[in-house]
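I opened this structure for the first time today and kept notes as I went. The entries follow the order in which I looked things up.

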Amino acid sequence: MARMTGSWLSGPTAALPDGDHDKQAYQGEYLGLPKAGPGSLAPTPRRVAALAIDWLMSMGVSALFLGGGLEGGYLSTVTLGVWFLLGLVSVSLFSFTPGQLCMGLQVARIDAPGRVGFVRALVRQVLIAVVVPAVVTDIDSRGMHDRATGTALLRSR
């Protein structure tokens, strides 16, 4: 617990292995990822754009589902539910959401080869919905939701 709290309070470099506080040449170097191109860590603007695309799609589906009855104030709640299901299903089946596909991104496991899977996608989606774990990042700009699930958002093209 002290190590987890210490890394949060001391900044992203405090979570590095003991004695390994040298500055990495680029984000993702310690993870064994390339500096640029396919397989490298996704830049923040692309992540935000992918999230915005997914959210707007979910809002459109929610508005269709509610049949134009937006006066009840349920649009935001239904949108969150649609967005949650969209992310859960698409990441567990395809390793990307529609917004991530449009932006050339994909969710990949970095702890072992293989698919993300349902359980990791579920935990990841719950932590993103809470917002705070997705905003707190480490030295590689990976959110705490990605660290907790052993995943990273990578460029696919």
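**Entry 1, the pocket.** I looked up the largest pocket of this predicted model and found a volume of about 630 Å³. I then asked which residues lie nearest its centre. They are Arg47, Leu51, Ile128, Ala134 and His145, out of 28 residues that line the pocket. Helix 2, helix 3, helix 5, helix 6 and helix 7 are the elements that each give two or more residues to this lining. I noted that helix 2 gives the most, with 7 residues. Sorted by class, I have 14 nonpolar, 9 polar and 5 charged residues in the lining.

I checked the length of helix 3, which covers residues 75–94. Its 20 residues, at 1.5 Å a residue, should span 28 Å, and I read 27 Å between the end C-alpha atoms, so the two agree.

Next I asked which residues of helix 3 are buried. My list is Val78, Thr79, Trp83, Gly87, Leu88, Ser90, Val91 and Ser92. I also looked for what covers them, and the cover includes helix 2 (44–66), helix 4 (98–103), strand 1 (105–109) and helix 5 (118–130).

Thr79 has 0% relative accessibility, and because buried means under 20%, I count Thr79 as buried. Leaving out residues up to four places away in sequence, I find Thr79 touching Trp55, Ser58, Met59 and Ser62.

I moved on to Arg142, in the loop between helix 6 (132–135) and helix 7 (144–149). Is Arg142 buried or exposed? I have Arg142 down as buried, because its relative accessible area is 6%, and the cut-off for buried is under 20%.

I listed the contacts of Arg142, again without residues up to four places away in sequence: Leu31, Leu41, Ile110, Val136, Thr137, Arg147, Thr151 and Ala152. Which backbone oxygen does the side chain of Arg142 reach at 3.2 Å? I found that of Thr151. The backbone oxygen of Asp146 is also reached by this side chain, at 3.3 Å.

Arg142 and Gln27 are 115 residues apart along the chain, and I noted 9.4 Å between their C-alpha atoms.

Terms used: Residues are numbered from 1 along each chain as its sequence is written. This is a predicted model: local features need pLDDT of at least 70, side-chain atom pairs count only at pLDDT 80 or more; totals for chains, interfaces and linings use all residues. Side-chain values use heavy atoms; hydrogens and water are left out. Helices (H or I, at least four residues) and strands (E, at least two) are DSSP runs, numbered from the N terminus. The expected span of a helix is 1.5 Å times one less than its number of residues. Buried means under 20% relative accessible area, exposed over 50%, partly exposed in between (1.4 Å probe, protein chains only). Contact means heavy atoms within 4.5 Å. A polar contact is a pair of N or O atoms within 3.5 Å; within protein, one must be able to donate a hydrogen and the other to accept it, and residues adjacent in sequence count only if both atoms are side-chain atoms. On a 1 Å grid over the protein atoms alone, a cavity is a set of points where a 1.4 Å probe fits but cannot get out, and a pocket is an open set with protein on both sides within 12 Å along at least five of seven lines; lining residues have an atom within 4 Å of a point. Grid points are joined across faces, edges and corners, and a volume is the space filled by probe spheres set on the points. Ala, Val, Leu, Ile, Met, Phe, Trp, Tyr, Cys and Pro count as nonpolar, Asp, Glu, Lys and Arg as charged, and the others, Gly among them, as polar.
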